[in-house]
Amino acid sequence: MTLTQVWGALLIFLLCPILGGLPLIKWITYRLTGIRLSQVGSGNISVSAAFYHGGKLTGILAVLSEASKGIIAVLLARIFFPTQPIWELIALIALVMGRYWMTRGAGMTNVVWGIIVHNPVAAGLIFVISGVGFTIFRHRETGKLLVLILLPLILSLLRPHDGEYLVAAITLAGLLWWIMQKIPDDLDLPTTQVNSESKTMFRFFSGNQSIISLKHPLNPEKVGQKAANLAQLKHWGYSIPDAWILMPGEDPKNLPEYLQPTPANPLVVRSSAIGEDTNTYSAAGQYSSILNVTNRDDLEGAILDCLASYHNLGAIQYRRDKLQKDTSMAVIIQKQIQGIFSGVAFSRDPIIGLNNCVVIEALLGDATQVVSGQFTPDQYRVFFSGNQEDLNIEGDGEIPPNLIKLVAKIAREIEDLYHGIPQDLEWTYDGNTLWLLQARPITNLQPIWTRKIAAEVIPGFIKPLTWSINRDLTCDVWGELFTLVLGKRSQDLDFRKTATLHYHRAYFNASLLGEIFLRMGLPPESLEFLTRGAKFSKPPIFSTLKNVFGLLRLARREWNLEEDFESDYRSKFEPTLRLLTEKSPQEMLSEELFSRIELILSVLTKATYYSILAPLSLSLRQAILKVSEEELDNSQTPEIKSMRSLASLAADASNLLSLIHLESYYKISPQNSSSLFAYLAEMPDGESILEKFQVWLEKFGYLSDVATDITVPRWKEEPRPVRTMFTKFLFEPKEIKEQRNKTVINLKKSSWQLNVVQKRLNLKGKVTEIYSKLLANLRWSLLGIGEYWQQSGLLEKKEDLYFLEIQEIEKIIKEKDRVLIEKVPKIIKERRAQLEKSKEITSVPNVVYGKISANAMMNQTAISSDNKYLQGIGASPGLVEGKVRIFLSLSEMEDVDSSNIVVVPYTDSGWTPLLMRAGGIIAEVGGRLSHGAIIAREYEIPAVMDVTDATSLLKNGQFVRLDGHKGVVEILD
């Protein structure tokens, strides 16, 4: 490249974006008409906006101004690069980027005239082919897509051996398509309001927008959610009556001229307002529906009446109450079905939101009788068992049972197709076909709350203090990560609603997460993929491209994760943990303790960030590089590291003790840890063993059966489980040796893919250790405050502090809030009573729909299952049979051996002493990367995770067969 060309390249990259961003159309329109385009219509500064608002002269001058930009850009590139036409395309790309960034224009006019100068032959071919196509099909979106496909295709055909030129042409076309998805189209504005000089042109280029059927997918932002839902249902293969859509702002006379209703073939006119029938707002009954339209004059009047209902006082007030903007309304004109049975179906109980049933209301005749409120329909409740074909119907009436079952199955099918969002269906049956007339979300069953993931992150019953800390930490970090990807598009999302408690159990907001994932261009099931390895559909390419810059920012965080952690470890984590060991909480006053708590919480924010991102990074790398769990070495995870260290200590102790002597003379057995430790305290060599055990306890005493719950004692406070495990290791050294040999075998495997994933697993172990140590110190500091308040009489016992929120503790210490202090005993009493009431509920649903009453679960029948098989996630391979032993908490821990299949509600590092002694493991929550799964694979114990309600469905003493590969539990008796 010559010096002249270097200067030319600089001019192209600097001058073309500035040239594209010059708001010439804005200046021309304001000068001629006084109209500010940014404040009217779509807000676009575009050629079509100039025609729409300013008329022919304004539009023509706008075309000339933008055409000149495209011509200048091409000629500028040609001056400096006369033999390299790729630079002319690069100049147009720079011009279009400046046009979009500075004036929010698409740049199509710039490119059209630029291509005419760049290659007149290609331009002619593109215009002829696309013009013929648009004239035939009269569909604007198809016409645009055809032009953008033809642009790189024809240009590359004229230069078949220039690969770089082809890439530039594809980039230009792709950029134009991306921008078109980002900005509104002025051709969507009502033709009734277009400048009279431009009306003919707008009607032509708008295409057949006034006569739209359900044959193609529809955009809810243009035709309303109701019409878009009907088109989607038809696309999925359901029977939908033929319908036509009148676009917002279009002339109501167009459709009556096209359709010919008669008494034999009546039509129904229905609203499809923008914002109606969405996930959060149904607008039910706000707008008019007109049935039995039998002639053209009545059809035109019905359309006008339907449109007028948008401006009814009640509809306006509804939008005000729901904080909705006044937008527009499309109208659906649909063939009216003469049904013999009709009704509505709710895929979930809209009253309770907990029952696993479909609620159907039906009557003889058409569906309007059911929704009119003037008739009492028959009500049916259809319950689904594990077998979707085995349905139980409650309710009597005149509707055939087979029809009720068919409606129920379709209701659940459509719910599944809409990613689990409960649906409200309107249907009718004409004797031959079951027709769907409407499908919309059940708005009062929003949001959807799920136990998945949440039950593993914070399992068990959660007290107010734990929740007030974990909620803010977790929601804030997730909000940071999502904002990193979405940027400004996250401003209307409330990340504090990411999680909540139902009956003192944690739930994640699946509705919010689904909306976030859709905005990110990812499928709604991505969270399960990233954390549990579940399969999910591929995201649409254009959605991914729309978020490419945000995803790149997130990818950069993931790439630098280890380096960032090491930096924060040196500057934050290590100094903080060292400072916390310098002074015991028992030596501090309450004010000093709270300052210590604030320090821990500030550092915990960063630790929470790593505790979320590290597992996600591990899962992502493991899935991409196809590394199995069995290949990985888990020795750096706290649960494995602690047990190996304890096993090594037991091996050393066995060299000093006579096990035969212990069993025969002192009657000490593997099940009697208290006798062993009493014996060690009395014998000479026992003192050194106890000292080493105490050193081990100091090192790993921060662990507990629920590390994320600060109300659960740590091993340092309650060492009974690890004393039991030490005794087990002492009497069974062969088991220790087998695990050591297994480790050596794993370490021999090596590949670059395995090394990459192994580093992330090791990082996850370090993060877990830091996070757990900070939480342990936070617990001990809070208990220090609890002891002070117990001594002062504010609390009956220090553990009562668990029933206060961290914000309330801060108010009492910092603000000396007398009103709050007086209420503390009452608050604790009420919250303890609420917790005890929640504990009476032995099984809670994995999914909760909307807001549920405090007594809703109390009225539910006990969970039972007639199924012989329970399905979960295979977490550790192997086939084993054994007797069920159910443990709801570690406090219930009894002797367990390889003949037992241990069933637990969740697993954490503290459960290790129990799990590693079992013959098989079943957990209600968790995935392949959960603590229980890691322990199971390490000790080659078959395990199945995520078996819903396992502790309720299985019974102590039952014999089961567990397949850890398929994730199946078979009940044998």
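Predicted model: local features only at pLDDT ≥ 70, side-chain atom pairs only at ≥ 80, totals over all residues.
View 1. Thr103 belongs to helix H5, which covers residues 86-103. A polar atom of the Thr103 side chain lies 2.7 Å from the backbone oxygen of Arg99. When residues up to four places away in sequence are not counted, Thr103 touches Gly20, Gly21, Pro23, Ile45 and Gly98.

**View 2. Thr711 is a buried residue in a loop.** The loop that holds Thr711 runs between helix H29 (684-700) and helix H30 (720-731). Thr711 counts as buried because its relative accessibility is 9%. The side chains of Thr711 and Asp709 are joined by a polar contact of 2.7 Å. Beyond the neighbours within four places in sequence, Thr711 is in contact with Lys463, Thr466, Arg779 and Tyr802. Glu799 is 88 residues from Thr711 along the chain, and the C-alpha atoms of these two residues are separated by 8.0 Å.

**View 3. Four strands form an open sheet with antiparallel pairing.** The order of the strands in the sheet is E13-E14-E12-E15. Strand E13 (499-502) and strand E15 (847-849) are the edge strands, each pairing on one side only. From one strand to the next, the twist averages 35 degrees. Two bridges link strand E12 (residues 448-450) to strand E14 (residues 505-509), which pair in the antiparallel sense. In this pair, Thr450 stands opposite Phe508 of E14. Helix H20 (residues 510-519) packs on the sheet and touches both E12 and E14. The direction of helix H20 makes about 30 degrees with that of E14.

**View 4. Helix H23 crosses helix H25.** The axes of helix H23 (residues 548-559) and helix H25 (residues 590-625) come within 10 Å and cross at roughly 95 degrees. H23 is therefore roughly perpendicular to H25, as angles of 65 to 115 degrees count as roughly perpendicular. On the side of H23, the contact is made by Arg557, Glu558 and Trp559. On the side of H25, Tyr609, Leu613, Ser617 and Arg621 take part. Sorted by class, the residues in the contact of H23 with H25 are three nonpolar, one polar and three charged.

Technical notes:
Residues numbered from 1 in each chain as written. Heavy atoms only, no water. Polar contact = N/O pair within 3.5 Å; in protein donor to acceptor, adjacent residues only side chain to side chain. Contact = heavy atoms within 4.5 Å. Pairing = 2+ DSSP bridges. Axes fitted to C-alpha atoms, helices over the stretch in contact; angles between N-to-C directions. Parallel < 35°, antiparallel > 145°, perpendicular 65-115°, else oblique. Nonpolar A, V, L, I, M, F, W, Y, C, P; charged D, E, K, R; others polar. Buried < 20%, exposed > 50% of the residue type's maximum accessible area, 1.4 Å probe, protein only.
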